[in-house]
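Here's a quick briefing to read alongside the sequence and the 3D view. Have both open before you go on.

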Amino acid sequence: MAILTATKLSRVYGGKGSVPTWALRDASFTVEEGEFIGVMGPSGSGKTTLLNLLAAIDTPTSGTVQIAGIDIFKLSDRDLAIFRRRGLGFVFQNYNLLHTLSIRENIVLPLVLDNVHPADIQGRLSEVARQLGIEHILDKRVFQVSGGEQQRAAIARAIIHRPAIILADEPTGSLDSRSTAGVMRALSDLNEKWRATILMVTHDALAASYCGRVLFIRDGRIHSQIHRFGSRESFYQEILSSLRVQGGEDLDAQQD
């Protein structure tokens, strides 16, 4: 079953006296329930624009986005705000945790805002903390834990309300290689064991190798895609080869 369907999605900036800039042009694809999809492309290719449209942070010039059967751009502002809070999970490069709260309080915040019963909150918190291996940091403050632990806490916050899809924007962009591997294993486990549906924008071939499919964007268009059929290591090499053909990434940095 398709969780997300984007149809001829375009975003144009400028016009009316200035030369229009196509940030995204006619992007069409689906994300099936339980898929883990990566989106890659050089800077300025349109991947961030795509994510902003899927997250309803921006509105398209043309095209549609359906998530869990709902045409999100037909919703009223109020209903869209509710849908974003309940139907989507967000993971950001810089974690976006509130430093005035403990890790525990950060994770449960979406449920508190929805007035979920305290007993249910505790049950879900225990479940996601155990899955992500962060039970030992729940009572710590944000500044007391590592970047990798902060990101796993952010992932816990993104999934605790059981969204239809998790949208991740460069989730390993601020992490070292060891923390990157830990965060990607956590996302991969969520996908494999919980059937969490994830779409992740990344510039990192190593992070993308944990996905089951990778879409490549170039000049605002979905240029190509590849699927993972073998090992993660062989998929990593296939991703590097695809990037090399497109000439859109710093491959020396990818292989450091």
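What follows covers the chain as a whole and then one of its helices.

This is a predicted model, where local features need pLDDT of at least 70, side-chain atom pairs count only at pLDDT 80 or more, and totals for chains, interfaces and linings use all residues. Residues are numbered from 1 along each chain as its sequence is written, and side-chain values use heavy atoms, with hydrogens and water left out.

**Whole chain**
- The protein chain has nine helices and 10 strands (DSSP runs, H or I of at least four residues for helices and E of at least two for strands, numbered from the N terminus).
- Its radius of gyration is 18 Å, close to the 18 Å from the globule rule for 256 residues, so the chain is as compact as a globular protein of that length (taken over C-alpha atoms; the rule is 2.2 Å times the number of residues to the power 0.38).
- The C-alpha trace spans about 55 × 45 × 35 Å along its principal axes.
- Of the 256 residues, 50% are buried (under 20% relative accessible area, 1.4 Å probe, protein chains only).

**Helix α6**
- Helix α6 covers residues 177–194, and its 18 residues reach 25 Å from first C-alpha to last, close to the 26 Å expected (1.5 Å times one less than the number of residues).
- Its buried residues include Val 183, Met 184, Leu 187 and Leu 190.
- The buried residues of α6 pack against β3 (36–40), α4 (118–132), α5 (147–159), β8 (198–201) and α7 (205–208) (contact means heavy atoms within 4.5 Å).
- Just after α6, Arg 195 has a positive phi of about 60 degrees.
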